[in-house]
Structures are given as C-alpha cells and as structure tokens.
Amino acid sequence: MEQGLTVTLDVPFAEAVARVRDALAGQGFGVLTEIDVQATLRAKLGEEMEDYLILGACNPPLAHRALAVDRRIGLLLPCNVVVRTEEGRTVVEAADPQLLVGFTGHPELAPVADEAAERLRAALAVLTD
C-alpha cells in the first residue's frame, strides 16, 4: 500500500496552494493547521530548501466518526496534505487515510478511512482537470 495519494501540477506553487485549499473545501475538508517548512528551516536553522507546505486538513464528520471508534485516533489527525516544488513542478501529496486502519488495529475504522480516501482522491482529481 502506498503511503500517499499524489498528483503533480504544472502551475506555480502559490497557485497550487490556493487550488488545493479550494479542492479540499469542495470535499468538506477545512485546513486547521499550516506549517511552512521552508520558512521554519530558514528561520530556525538558516537552511534553504524548496517551497514545502504541510496543510492539516480535517473533515469534521469523518473525524467525529473516527474518534467515536477510538479517542486515540486524534494522534493521527488531521490528514496531512503536502504541497511542494520538485524540478520546476508542484507536487501535492495526501497521506492515505486507509493507513489508519492498519496502525490502529480497528477494522471498524475502514469505512471512515475509505470515505476519507475517496474524498481526498476526488480533491486531487479536481486539481488535474
């Protein structure tokens, strides 16, 4: 099983970030956290790297269903979506929610993970249209 769902776009980084936010919103996800890895490494370590942003996306109904199964699932929430540049293109990667089922040992999380993965795939598909 792959760790993530990935698409590569031929648009500038800032445009891709805006499109990712819109695509996630279209599937019921809000962005709860944003980590600008490039800025953090520059500020804290003086290191330079390519554009790299981690968005913590949450679909509240899905999160609620998962938390109802196991409160510890919060350790694996929200869904991380990475937007980064690579060789002049913008790569968008989302962690595969189906990995949660394997990590937790709770097969009853499978329907929640399936729906989350379906919604994330749909959001990424919009980006390539």
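Me: Which residues of α5 are buried, and on which side of α5 are they?
Reply: Helices here are DSSP runs of H or I with at least four residues, strands are DSSP runs of E with at least two, and both are numbered from the N terminus. Buried means under 20% relative accessible area, exposed over 50%, and partly exposed in between, with a 1.4 Å probe and protein chains only. The buried residues of α5 are Val112, Ala113, Ala116, Ala117, Leu120, Ala123, Leu124 and Leu127. They cover an arc of only 125° around the axis (the arc of the directions from the helix axis to the C-beta atoms), which puts them on the same side of α5.

Me: What kind of model is this, and how are its residues numbered?
Reply: Side-chain values use heavy atoms, leaving out hydrogens and water, and the model is a predicted one, in which local features need pLDDT of at least 70, side-chain atom pairs count only at pLDDT 80 or more, and totals for chains, interfaces and linings use all residues. Residues are numbered from 1 along each chain as its sequence is written.

Me: What span should helix α5 have, and how far apart are its end C-alpha atoms?
Reply: The expected span of a helix is 1.5 Å times one less than its number of residues. Helix α5 has 18 residues, 110–127, and should therefore span 26 Å; the distance between its end C-alpha atoms agrees, at 26 Å.

Me: Against which elements do the buried residues of α5 pack?
Reply: Contact means heavy atoms within 4.5 Å. The partners of the buried residues of α5 are the strands β1 (4–9), β4 (79–86) and β5 (89–95), together with the helices α1 (13–26), α3 (60–69) and α4 (99–104).

Me: How are α1 and α5 oriented to each other?
Reply: Axes are lines fitted to C-alpha atoms, for helices over the stretch in contact, and angles run from 0 to 180 degrees between N-to-C directions. The two helices pack at an angle of about 140°, with their axes 8 Å apart. Angles under 35 degrees count as roughly parallel, over 145 as roughly antiparallel, 65 to 115 as roughly perpendicular and the rest as oblique. The helices α1 and α5 are therefore oblique to each other.

Me: Which residues of α1 are buried, and what do they line?
Reply: The buried residues of α1 are Phe13, Ala16, Val17, Val20, Ala23 and Leu24. Seen down the axis of α1, these fall within an arc of 130°, so they line one face of the helix.

Me: Which exposed residues does α1 carry on the face turned away from its buried side?
Reply: The buried residues of α1 pack against β1, β2 (30–36), β3, β4, β5 and α5. The face turned away from that buried side carries the exposed residues Ala14, Asp22 and Gly26.

Me: Which residues of α3 are exposed on its other side?
Reply: The buried residues of α3 are Leu62, Ala63 and Ala66. They fall within an arc of 100° seen down the axis, so they line one face of α3. On the other side, the exposed residues are Pro60, Pro61, His64 and Ala68.

Me: Is the peptide bond from Leu77 to Pro78 cis or trans, and what is its omega?
Reply: Pro78 is placed in the loop between α3 and β4. The peptide bond from Leu77 to Pro78 is cis, with omega near -5°.

Me: What phi does Glu87 have, and is Glu87 buried or exposed?
Reply: Glu87 lies in the loop between β4 and β5. Although Glu87 is not a glycine, its phi is positive, at about 50°. Its relative accessible area is 78%, so Glu87 is exposed.
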